[in-house]
Amino acid sequence: METVIDVGQAEHEIIRRYRERTARSRARHDEAQRYLPGGETRSATWHAPYPTYMVAGEGAWLTDCDGNRYLDFLNNFTSLIHGHAQPGIVEEAADQLTRGTVFGTTAAPQVELAKLLIERVPSVELLRFTNSGTEATMMMMRAARAFTGRDIIVKMDGGYHGSHDFVEVSVHPDPASAGQPVARLEGRGVPHAVLNAVMIAPFNDLEAMERLLREHHQRIAGIIVEPMPNAGGMIPPAPGYLPGLRQLSDRYDVLLLFDEIVTLRLGIGGWQTVEDAIPDMTSMAKIIGGGFPVGAFGGRADIMAQFDPHAGADSLFHSGTFNGNNMTMTAGSAAMSRLDQATIDRINGLGERLGTGLNELFAELGIRAQCLGYGSLQQIQWTDAPVKTMQGAARASRDIDPLPELLHLELLNRGVYTSNRSMFCISTPMASAEIERALAALRAALSTLKPTMREVAPRLLAE
């Protein structure tokens, strides 16, 4: 079974070509639905009419089961900063594989990666490893509550921090909201009691945050924020916003928690080194695992000391069968040691070229849209008005379906793989040629979709 996209006649050609190019993906999807709900095990990788099945990756390229090749601007949702099958990382991981994947003991690779990360990330004096970003933010929030003796964590309206219950609140902002947003549970299965321990504030609004802290700080353990919200639209923080959060956290005696799971790639020690805004704790994942499942959380030594077993009954328990496994630690050290500031600067420059090129295309084609982001992370926003909040990004996305899905399919048809929410990230195997190739595909795809814009969202056209 495939999902039908409701489109006009012109757009049927995009879908027809996608089906024609991916017949084997369709067959694999049909089989997968016999064993996996909807044929998927990750909600984020599903797209209509059915997903593309990739079978190989090398450098900046992917190959699907029909033999089509794609320039990969998704990189497993930003985690593969060195692209696919980077030779040095593969060799070190393969060597570790022959000596054992995990022993059920502590091991030297844990210490090596921990030391490397602590040397880079200024907020982290001690850290613990997990197997995912979801676990990393969950444990970071638990540590903050335990350290302060308070229950409430403030998160941003529209902020995404994984899929544990205490962050499944207001992940999709209400585009119609004004002023102080109201916390809402996301989807079924999350207990209503979660709302007793989570408060919501708008991103990029220090005044709203101070009002919240002034009234409730005695019950608040900490503030969790992505320095540049990822799923919220790659909206850069306003000048002074993150240092302002630091000042407010100090003034009202709450902890500041940075979720740098995505933004760690933007500076040698993440966004906190880009802007010199140092939190009390930081969660990490994605790029630090070298292509293997990973997460980590760390921060001030006095906060992290709660996990020291020497404290006996007072210590916080934290375990996991594959935490700090040898494969992930070895590959992570190999990946991070190859990511110096010069390399970060180079791929950030490539990302800025992509963003600038996209904005030039929008102007040339008369499309009222823009590319937002920073460095190696860029995303299309379907408006030419300033977007400074996640509510603003949500408003820009209203009433434009199925435009993002069709752009995604048309880019696949033209050999460019990215997310179906129009997010692009850069990997180190890329150079100027890959950026120009992507821009050429985007020019053709956007031109093809102008009739769709005229039909479903005429506000996007300047003509």
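I began with helix α7, whose buried residues pack against β5 (152-156), β6 (198-201), β7 and α8. For me, buried means under 20% relative accessible area, exposed over 50%, and partly exposed in between, using a 1.4 Å probe and protein chains only. Contact means heavy atoms within 4.5 Å. Helices (H or I, at least four residues) and strands (E, at least two) are DSSP runs numbered from the N terminus.

A note on the source: this is a predicted model, where local features need pLDDT of at least 70 and side-chain atom pairs count only at pLDDT 80 or more, while totals for chains, interfaces and linings use all residues. Residues are numbered from 1 along each chain as its sequence is written, and side-chain values use heavy atoms, with hydrogens and water left out.

**Helix α7**

Which residues of α7 (206-216) are buried? I found A208, M209, L212, L213 and H216. They sit on the same side of α7 because they cover an arc of only 130° around the axis, the arc being that of the directions from the helix axis to the C-beta atoms. On the other side I noted E207, R214 and E215 as exposed.

I then checked the N-terminal end of α7, which D205 caps with a side-chain oxygen 3.2 Å from the backbone nitrogen of E207.

**Strand β7**

Six of the six residues of β7 are buried, so this strand is largely enclosed by the rest of the structure. I looked up its partners, counting two strands as paired if DSSP finds at least two bridges between them. β5 and β7 pair in the parallel sense over four bridges, and I152 has I220 of β7 as its bridge partner. β7 also pairs with β8 (255-259), in the parallel sense and over four bridges; here L256 of β8 is the bridge partner of I223.

**E226**

Next I went to the loop between β7 (220-225) and α8 (241-251), where E226 lies. What does the side chain of E226 reach? I found the backbone nitrogen of N230 at 3.1 Å.

**D66**

Last, I visited D66, in the loop between β2 (61-64) and β3 (69-72). D66 is partly exposed, with a relative accessible area of 25%.

Methods: A polar contact is a pair of N or O atoms within 3.5 Å; within protein, one must be able to donate a hydrogen and the other to accept it, and residues adjacent in sequence count only if both atoms are side-chain atoms.
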